[in-house]
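Let me put the model up on the screen. Please keep the sequence in view while I talk.

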Amino acid sequence: MFLLRLLLRNAFRHRLRTALTIVGLVVAIGAFGLLRTLVDAWYAGVEASSSTRLVTRHAVSLTFALPLSYAQRMKAVPGVTVVSWANWFGGIYIDERNFFPQFAVEPDTYLRLYPEYLLSDEERLAFLKDRQGAVVGRKLAQKYGWKLGDTVPLRGTIYPGTWSFTIRGIYDGAQSRTDENQMLFHYALINESIKKRFPGRGDNTGAFIVGIDQPANAALVSQAIDAEFRNSLAETLTETEAAFQLSFVSMSDALLAAIEAVSLIVVVIIMVVMANTMAMTARERLSEYATLKALGFGPGFVARLLLGESLLIAALGGGLAIALTFPMVAGIGAGLSSFLPVFEVSGTTVALQALAALVVGLVAAAWPTWRMARIDIVDGLRHVA
């Protein structure tokens, strides 16, 4: 306790300098945590993927459609348990700024493949029975104030016209990383209308979602599915859901690398600032440390004083930064929910922030601590004169 009180007195001897250093730490460590959270949000879809789901798309590009007739042949592949499909709709709700994912799906099989979308039995049944019904995530419903029975109009872009859907269910995510910002509705409704208006565009889908019996069989089942359609007019590419999500993340590799680099640069900058603070502290107390050594205190005690003060300041700044990261992320996440549906501080991010603060405290005090521990008593006392 004596040492702790001594460290507190020393740390706040120059209150303004210490306060500014702590503010700098809060800004740097907070920014580091915010940038790390942004990177985590990019990978949220990958982490939420299931190991028992595969995605089959056109071998050339996702923009090319696959015939619905492929579903029956996929079901015959050993290891396949369920086959469903989903089509990106891309409609506009009132204004272009109101962006959120919309998928036309085969409702029964799709909901079986995604048990993490928690719906009551009544809502599930109502959705399955109503061809104009839709299911939306809890966060999306809260954002626009939707409730069960509301009619949501969407202006089609890929599929021209105005489409109206009735909300029959609002799902909750089984986990915090489950996307609750989607809208799902019946593919059959879209398909029938498209076949009437554009006969050549019907009975096609953008991707199939394939359920398998064992995660260990993912590679074999993927190869079997692709072999089934090899040399056809629409060859397929089948991969795990995680790999499919990673293909989108990889498009932003350069941006993510830049964000990670900036997060590290911010920490290095505050490390330099902190080192300057501790060097100034050591110079100002040169005579004090020499006096302590003259009274019999060893180099280790002097080193602990300086190192402890640096770690105390780093702990205060780091602790405040971690505490403020949560409300900052919550505020920013509310505005980015349509683009980054999962934006939350992870335990890993908090641990990295704490580690960054510790490293800053240790590195900043390393040189001054070593120098003061080796200071000559006579030189130190002469410095007073």
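The largest nonpolar core has 41 residues. A nonpolar core here is a set of buried Ala, Val, Leu, Ile, Met, Phe, Trp, Tyr and Cys residues joined through side-chain atoms within 4.5 Å, and buried means under 20% relative accessible area with a 1.4 Å probe, protein chains only. Among the residues with the most contacts inside this core are Trp-146, Ile-190 and Phe-208. A second, separate core of 18 residues includes Phe-32 and Met-274.

This is a predicted model: local features need pLDDT of at least 70, side-chain atom pairs count only at pLDDT 80 or more, and totals for chains, interfaces and linings use all residues. Residues are numbered from 1 along each chain as its sequence is written, and side-chain values use heavy atoms, with hydrogens and water left out.

Now Glu-241. Is Glu-241 buried or exposed? Glu-241 counts as buried, because its relative accessibility is 6%. Its side chain makes a polar contact with the side chain of Arg-53, at 2.9 Å. A polar contact is a pair of N or O atoms within 3.5 Å; within protein, one must be able to donate a hydrogen and the other to accept it, and residues adjacent in sequence count only if both atoms are side-chain atoms.

Arg-53 also has its charged end over the ring of Tyr-114, 3.9 Å from the centre. For that, CZ of Arg or NZ of Lys must be within 6 Å of the ring centre and within 35 degrees of the ring normal. Tyr-114 is buried, with a relative accessible area of 7%.

Note on methods: Buried < 20%, exposed > 50% of the residue type's maximum accessible area, 1.4 Å probe, protein only.
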